[in-house]
Amino acid sequence: MDFRIISLPPFRAASSGLVQDFDFSPEGILGKFNDWFSAITPSPRDSFMPRDFLCFDGETGGMVWLYALSEGMDNGGWEVVDCEGGCYVTYTYRDGDEETNGRLYQEASAYIEASEALELDIRPGHLSMGHIITPPEVIAAQGQAQMEAFIPIKLKKAEKQCRG
């Protein structure tokens, strides 16, 4: 598999906070967070980058959902956090296909481990995350979505670090 290496800039984000139950129903925190940001229509200049990132915290086993805020954007009452950005190895898979996701995550991890230039950079506030890249109207038409997974990395040589 070929992996992309991308850089995300630092950004402020509304946060669902750490959630342990993975409840995406309309009554659950993740469902309410999804409903809130899904109702937002970003301006054309703000619609080029992914805006929401579902992060997995391996230490706690919980999830945090982030929505990148533009300057002056209302946070909807959700906590606001600073995200430092950085470099990520990414890959795509069909949303919900956890077998393929697990296999690709292992392949990406082996790719990073074998690299002379890169190493994992998973730490508090800098987690593996995912983003649905399929537009909602395409999801409705074809009944499925594609997820892009992001694995945080950094350069092994400390004199030049990856920054967004």
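Trainee: How do the residues of the lining of the second largest pocket divide into nonpolar, polar and charged?

Mentor: Keep in mind that this is a predicted model, where local features need pLDDT of at least 70 and side-chain atom pairs count only at pLDDT 80 or more, while totals for chains, interfaces and linings use all residues. Residues are numbered from 1 along each chain as its sequence is written, and side-chain values use heavy atoms, with hydrogens and water left out. Ala, Val, Leu, Ile, Met, Phe, Trp, Tyr, Cys and Pro count as nonpolar, Asp, Glu, Lys and Arg as charged, and the others, Gly among them, as polar. On that basis the lining divides into 15 nonpolar, five polar and four charged residues.

Trainee: Which residues lie nearest the centre of the second largest pocket?

Mentor: A pocket is an open set of points on a 1 Å grid over the protein atoms alone where a 1.4 Å probe fits, with protein on both sides within 12 Å along at least five of seven lines; lining residues have an atom within 4 Å of a point. Here β3, β6 (86-94), α2 (98-114), β8 and β9 (146-155) each supply at least two lining residues. Of the 24 residues in that lining, those nearest the centre are C55, F56, D57, S128 and M129.

Trainee: What is the volume of the largest pocket?

Mentor: Grid points are joined across faces, edges and corners, and a volume is the space filled by probe spheres set on the points. The second largest pocket holds about 520 Å³ of space. For the largest pocket the volume is about 660 Å³.

Trainee: Which elements give two or more residues to the lining of the largest pocket?

Mentor: Its lining has 24 residues, and F37, D52, H131, I132 and P136 are the closest to the centre. The lining divides into 15 nonpolar, six polar and three charged residues. Helices (H or I, at least four residues) and strands (E, at least two) are DSSP runs, numbered from the N terminus. The elements that give two or more residues are α1, β3, β4, β8 (128-132) and α3 (136-142).

Trainee: What do the buried residues of α1 pack against?

Mentor: Buried means under 20% relative accessible area, exposed over 50% and partly exposed in between, with a 1.4 Å probe and protein chains only. In α1 (residues 29-38) the buried residues are L30, G31, F33, W36 and F37. They pack against β2 (11-15), β3 (52-57) and β4 (62-68).

Trainee: Is E148, the salt-bridge partner of R4, buried or exposed?

Mentor: A salt bridge is a side-chain nitrogen of Lys or Arg within 4 Å of a carboxyl oxygen of Asp or Glu, and R4 and E148 meet in one at 2.6 Å, N to O. This pair links R4 in strand β1 (residues 4-8) to E148 in strand β9, 144 residues apart. R4 is partly exposed at 47% relative accessibility. E148, at 7%, counts as buried.

Trainee: How many residues apart in sequence are the parts that D82 and R12 tie together?

Mentor: The closest N and O atoms of the D82 and R12 salt bridge are 2.6 Å apart. D82 is in strand β5 (residues 79-83) and R12 in strand β2, so the parts they tie together are separated in sequence by 70 residues.

Trainee: Which residues do salt bridges that share partners join into one network with E84?

Mentor: E84 forms a salt bridge with R123, with the closest N and O atoms 2.7 Å apart. E84 sits in the loop between β5 and β6, and R123 in the loop between β7 (118-120) and β8, 39 residues apart. Through shared partners, E84 is joined in one network with D121 and R123.

Trainee: Which residues does H126 touch, not counting those up to four places away in sequence?

Mentor: H126 lies in the loop between β7 and β8, and at 2% relative accessibility it counts as buried. With contact meaning heavy atoms within 4.5 Å, H126 touches E84, G85, Y88, D121 and P152.

Trainee: How many degrees lie between the ring planes of F11 and F53?

Mentor: Rings of Phe, Tyr and Trp (its six-membered ring) pair if their centres lie within 6.5 Å; planes under 30 degrees apart count as stacked, over 60 as edge-to-face and the rest as tilted. The whole structure has 14 such aromatic pairs. F11 and F53 have ring centres 5.9 Å apart, and the pair is tilted because the angle between the planes is 35 degrees.
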